[in-house]
Amino acid sequence: MRLDIYVVYLLLRLFGLLPLRVLQAVGAGFGLLALRRGGRMARYTKVNLEITRPELDEPARAALLRETMAEGGKSITEIVKIWGAGAERALGLIREVRGEALFDAALASGKGVIIAAPHLGCWELLNYWLCRKTPMAILYRPPRIAAVEALLRKVRGKLAPEQVRAEGAGVRTLYKRLAAGGTVGILPDQKPREGEGEFAPFFGREAMTMVLLPRLAARTGATVLFSFAERLPRGAGYRIHFLPAPEGLADAELPRACVALNRGVENCVNIAFAQYQWHYKRYSADNRPSPY
């Protein structure tokens with residue numbers, strides 16, 4: 001590990017001693033400050049809320065924008081606790097798991113499990129919980145700074161998932177793991193590269209949607225579950241949710257499967273709407289006008 005990355009690790013350990021409530025309060029303040037400054041994060045969030053919540057009047061949408069920006073700030077600072085406290089201590093912040101029986105049944109079936117985890121709540125904590133239950137591989141894109149991978153391995157410790165690159169060899173690894181009855185995790189709302197997705201409605205407007213997850217489900221027969229770690233109020237901890245996949249997600253007709261995939265993400269987001277990563281340019285595409 002590079003010296004500067006090791007210093008970051010030590011700082012994470014130090015600030016990880018702070019209460020979660022304090023770290024999230026600081027993050028909420030950062031999020032509201034970003035809203036006042038009107039940068040890209042605030043602009044993209046505002047556009048996405050206009051698209052996804054058209055029924056709200058201006059005061060209600062402004063209130064939702066403030067809440068969403070505050071939650072976005074929390075998602076940045078709470079990672080200090082999740083990484084800095086260590087995986088086992090971080091798991092102590094989980095107060096409830098809803099739908100755990102769905103996950104246990106999927107594991108017991110031996111047919112493989114695909115965890116579709118949207119950009120919602122605290123997905124790093126969800127990784128810890130899943131890896132404590134079973135070995136898992138996650139599809140990822142390498143960080144721009146290669147040395148950050150060493151930091152991630154250090155903070156995750158024994159509960160680190162196998163990281164599989166989003167490329168040909170990595171996808172084959174996912175197929176093999178599922179065929180052997182294993183578990184893989186995928187971000188179902190990650191915007192795919194050009195030529196690797198289908199347009200499907202997401203909160204009433206078409207968005208480019210990945211086809212990899214439906215293809216994995218169709219070809220392996222694995223059980224697909226949607227999951228996320230909901231942030232509880234006032235730093236009280238987290239609640240993990242497991243939801244069944246909507247009908248049609250493993251359909252051979254990819255447009256229909258992508259509709260079901262986005263519906264599954266919507267079902268999760270509607271539980272904790274403001275905790276979704278609404279500053280993500282979900283509705284941009286290379287061959288269509290951008291709303292941003």
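**Exercise 1.** Which residue in E9 is the bridge partner of Phe 226?

Solution. Keep in mind that you're looking at a predicted model.
- Step 1: Start with the two strands, E8 and E9, which run antiparallel and are joined by seven bridges.
- Step 2: Go to Phe 226 and look across to E9: the partner is Leu 243.
- Step 3: E8 and E9 make a hairpin, with six residues between them. In that turn, Arg 234 has a positive phi of about 55 degrees.

**Exercise 2.** How many bridges join E2 to E8, and do these strands run parallel or antiparallel?

Solution. 
- Step 1: Count the bridges between E2 and E8: there are four.
- Step 2: Check the directions: the two strands run parallel.
- Step 3: Pick out one pair to see this for yourself. Val 113 sits opposite Thr 223 in E8.
- Step 4: Ask how enclosed E8 is. Eight of its nine residues are buried, so the rest of the structure largely encloses this strand.

**Exercise 3.** Is Gly 121 buried or exposed?

Solution. 
- Step 1: Find Gly 121 in the loop between strand E2 (113-116) and helix H7 (123-133).
- Step 2: Compare its accessibility with the cut-off. Buried means under 20% relative accessible area, and Gly 121 has 4%, so it counts as buried.
- Step 3: See who is around it. Skipping neighbours within four places in sequence, Gly 121 is in contact with Glu 78, Ala 229, Arg 231 and Gln 275.
- Step 4: Phe 273 is 152 residues away from Gly 121 in sequence, yet their C-alpha atoms are separated by 9.5 Å.

**Exercise 4.** Which residues touch the most other members of the largest nonpolar core?

Solution. 
- Step 1: Recall the background: in soluble globular proteins, nonpolar side chains tend to be buried together.
- Step 2: Search the 42 residues of this core, and you get Ile 114, Leu 213 and Phe 226.
- Step 3: Ask which helix gives the most to this core: H11 (residues 254-269), with five residues.
- Step 4: Zoom in on Ile 114. Beyond four places in sequence, its contacts include Leu 178, Val 184, Leu 213 and Val 224.

**Exercise 5.** What do the buried residues of H2 pack against?

Solution. 
- Step 1: List the buried residues of H2; among them are Leu 20, Leu 23, Gln 24 and Gly 27.
- Step 2: Look at what they pack against: helices H1 (3-15) and H4 (58-84), plus strands E8 (223-231) and E9 (238-244).

Methods
Residues are numbered from 1 along each chain as its sequence is written. This is a predicted model: local features need pLDDT of at least 70, side-chain atom pairs count only at pLDDT 80 or more; totals for chains, interfaces and linings use all residues. Side-chain values use heavy atoms; hydrogens and water are left out. Buried means under 20% relative accessible area, exposed over 50%, partly exposed in between (1.4 Å probe, protein chains only). Contact means heavy atoms within 4.5 Å. Two strands pair if DSSP finds at least two bridges between them. A nonpolar core is a set of buried Ala, Val, Leu, Ile, Met, Phe, Trp, Tyr and Cys residues joined through side-chain atoms within 4.5 Å.
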